[in-house]
Amino acid sequence: MSEFTISRRGLLAGSALLLASTALPTIGFAQTPKKGGRLVLAADSEPRNLNPAIVASNGVFFISSKIVETLAEASFDGKDGLEPRLALSWEGAADGLSVTFKLRDGVKWHDGKPFTSADVAFSALQIWKPLQNLGRTVFKDLEAVDTPDEHTAIFKFVKPTPSQLIRNALPALSSVVPQHLYELGKIEDNPANNAPVGTGPFKFAEYKAGQYYRLTRNGAYWGKDEPYLDEIVYQVLPDRTSAASALEAEEIQLAAFSAVPLADLDRISKVPGLKVITKGYEGLTYQLVVEINHRRKELADVKVRQAIAHAIDKDFVVKTIFLGYAATATGPVPKNDPQFYTADVPTYAFDVAKANALLDEAGYKRADDGKRFALKLLPAPYFNETKQFGDYLRQALAAVGIDAEIVNNDSAAHIKAVYTDHAFDLAVGPPVFRGDPAISTTILVQSGIPDGVPFSNQGGYKNAELDALIVKASETLDTAARTDLYKEFQKKVAADLPLINVAEWSFISVARDTVGNIANNPRWAVSNWADTYLES
Amino acid sequence: MSRLRRFLRTPEAIAGASILALLVVMALAAPLLFPGDPQAIAGPALLPPFQDWSLPLGTDRLGRDVLAELFHGAHTSLAVGLAAAAAALLIGAVVGTLAGFAGGLADEVLMRITDAFQTVPGFLLALAFVSIVGPSLGVVVAAIALSAWTGPARVARAEVLSIRERDYVAGARVIGMHPLEIAFREVLPNALPPVLALSSVIVAAAILTEAALSFLGLGDPNRVTWGGMIAEGRTVLRTAPFLSIVPGIALVLTVLGVYLAGEGLVESTATRGSLS
């Protein structure tokens with residue numbers, strides 16, 4: 001394990017941390033996993049709806065991915081970057097109108113009923129397509145799911161759908177829930193949304209609000225000898241500073257999703273018995289983005305947007321706000337993405353003089369008080385880093401004569417202000433890149449999205465050329481051609497700046513040395529943990 | 001003059017008054033000593049205190065000058081404290097005087113409203129108000145005043161009840177003064193001293209409430225506040241404790257100063273009472 005134990009200096013030395021981490025060799029330990037034990041870990045939020053088929057978000061996956069499984073999981077070295085779960089194989093037809101899944105045999109739901117292709121058909125048609133936040137886009141053309149036998153599911157699409165997109169969507173979007181529990185009554189009100197039933201290695205045992213979630217071992221799991229742990233307990237610790245002390249006091253053995261503040265990592269990496277792990281989040285890259293309201297006449301001018309991009313010192317953001325645990329961004333696809341990323345895009349070096357010149361050129365001269373115009377800046381409240389970047393951006397804009405006033409809101413009010421009421425000029429947002437630009441990235445710049453859709457283009461940006469490119473890419477079946485279109489997409493976004501990508505970051509886990517098989521896939525924190533074990 | 005001398009006789013009062021004087025000087029000097037935006041990035045991030053004498057108290061997580069923030073924070077704290085206390089005293093005195101002087105139904109209604117406000121913990125009220133209206137300095141002042149006016153209202157009413165039976169009030173009535181004129185020109189000024197004695201407590205409470213609101217992220221984000229500084233320092237409490245300790249000490253000293261000065265004031269008035 002020591003090769004993944006990092007020091008801050010080592011981290012800072014590698015300038016492209018995220019890139020470097022994907023290049024590390026995959027884990028292969030000779031150690032035999034030990035059975036039994038209870039893993040206690042920190043949870044910083046308490047999602048009420050635990051159904052990952054409806055709410056495909058990391059907060060829900062963190063808990064329910066151990067209970068409800070997907071068709072496939074992300075993998076460092078598997079074919080197409082995937083590893084089979086409920087599906088053993090997937091094959092897209094040449095015309096893009098169907099994808100055939102062969103399903104695993106002998107899988108049982110936690111209540112003892114057998115898992116069949118009917119469950120997959122039900123989940124896809126009744127939940128992923130109509131109800132799921134991400135599935136609505138990806139599965140919009142899904143018309144039917146044929147089930148010729150109990151272990152085959154054939155997805156039929158009305159329009160050609162790239163199989164690359166479906167593959168990339170499997171880890172996050174394909175949680176299968178039991179038809180026999182969901183077919184009666186309204187799916188959104190089903191009690192199983194709060195006490196999920198799945199096929200996964202752990203069963204949902206209990207939830208005490210404000211205290212913990214408890215999962216117990218599924219003795220009838222399909223994986224040989226798995227799972228190794230008897231119990232997983234998510235201790236609710238909403239206060240970030242308490243996770244570090246709980247780890248030191250051995251009250252918890254693991255704090256994922258950067259529950260330990262970045263500023264504490266340097267100190268905690270020196271505590272004997274604890275290790276800091278940056279691997280295991282490659283498939284969950286968050287992007288630090290300045291969202292722009294193009295309804296403001298100043299911001300509708302590309303020169304002003306370029307000036308703002310030039311005014312931001314991305315290196316400062318990475319070094320000071322993220323303490324090196326991030327990478328600077330060049331465009332809408334993160335650098336650590338193995339399929340789509342291109343560095344061949346227009347870039348905006350930190351250059352205050354150039355930013356000032358661009359603003360002058362755009363016709364916004366400094367008034368006598370040194371200010372050009374005033375803006376409202378809404379930093380998203382979800383992360384400390386987004387709030388701090390808001391504070392930084394206000395200063396960076398002040399340096400070029402733009403007077404930004406920060407407006408703080410809680411999560412619900414922020415989402416309403418930005419994505420429904422459009423009551424912002426600039427906002428700081430953390431969208432997630434989910435392995436394929438078509439899942440949750442193109443929606444950030446595409447026009448024609450109804451008001452109120454969170455994490456979408458609500459800045460009133462409209463670019464017919466870019467819209468056409470997005471549509472074309474969504475219909476292109478050939479993987480290489482499709483990838484090229486998304487490279488073109490990155491160039492266009494970086495040139496016209498509908499939004500400004502500043503940095504990309506993932507999370508850090510801190511664990512006790514006794515926790516084994518950590519970070520062995522790119523979505524480890526939200527994978528099923530069947531092979532995780534505890535040394536005594 | 002003699003009252004001031006009497007006030008300064010007790011050591012508490014001297015300590016309190018000097019702390020407050022220092023605070024006022026800090027608040028007034030802030031724009032002169034640290035012109036420009038105190039939230040501007042001034043140096044490397046997380047510089048510990050007493051390392052670099054151009055940044056004597058070090059820098060925070062973004063590299064902002066802690067000393068400049070401390071001075072400008074004094075400005076905000078004092079402004080909020082005084083404004084909120086003034087507003088609370090004004091509302092309280094008016095409501096109390098009206099209730100006490102009018103009596104009858106008006107008294108009942110106003111006092112029941114006061115009761116209603118008093119049953120809700122003041123801080124919760126302020127919290128709810130700010131989260132609904134949205135955080136800005138004016139809203140914070142209004143929220144604190146809203147939670148603090150009931151004390152002065154009750155004291156003012158009690159005073160007015162005794163004063164309105166005095167002969168000079170009856171005299172004013174006889175010469176045909178308007179009741180409102182009597183209430184606010186004859187009665188209120190005489191009822192004020194005990195109400196004003198509450199002011200020190202209210203200022204101290206207002207400064208604390210403002211700090212608590214900022215700590216919870218409900219302060220004005222475009223201004224430096226001590227509560228906000230503590231909240232930001234809290235995330236790095238283990239690695240850079242000074243970021244929370246420095247504004248924390250400032251807060252403790254300020255509240256202590258206000259309290260001591262208030263005590264001194266009470267004592268000096270009490271001495272006068274026993275002498276007369």
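In which sense do strand 6 of chain A and strand 7 of chain A pair, and over how many bridges?

Author: This is a predicted model, in which local features need pLDDT of at least 70, side-chain atom pairs count only at pLDDT 80 or more, and totals for chains, interfaces and linings use all residues. Residues are numbered from 1 along each chain as its sequence is written, while chains are lettered from A and ligands numbered from 1 in the order in which they are written.

Strand 6 of chain A and strand 7 of chain A (residues 152–157) are paired in the antiparallel sense, over four bridges. Helices (H or I, at least four residues) and strands (E, at least two) are DSSP runs, numbered from the N terminus, and two strands pair if DSSP finds at least two bridges between them. Within this pair, A:Val145 is placed opposite A:Phe155 of strand 7 of chain A.

Both strands belong to an open sheet of four strands in chain A, with the order 4-5-7-6 and antiparallel pairing. Strand 4 (87–92) and strand 6 (142–146) of chain A each have a single partner strand at the edges, so one side of each is left without a neighbour in the sheet. On average, neighbouring strands of this sheet are turned by 20° against each other, direction ignored. Axes here are lines fitted to C-alpha atoms, for helices over the stretch in contact, and angles run from 0 to 180 degrees between N-to-C directions.

Helix 4 of chain A (residues 117–128) lies across strand 5 (98–103), strand 6 and strand 7 of chain A. Its direction is at about 170° to strand 6 of chain A. Two residues are in contact if their C-beta atoms, placed from the backbone, lie within 7 Å.
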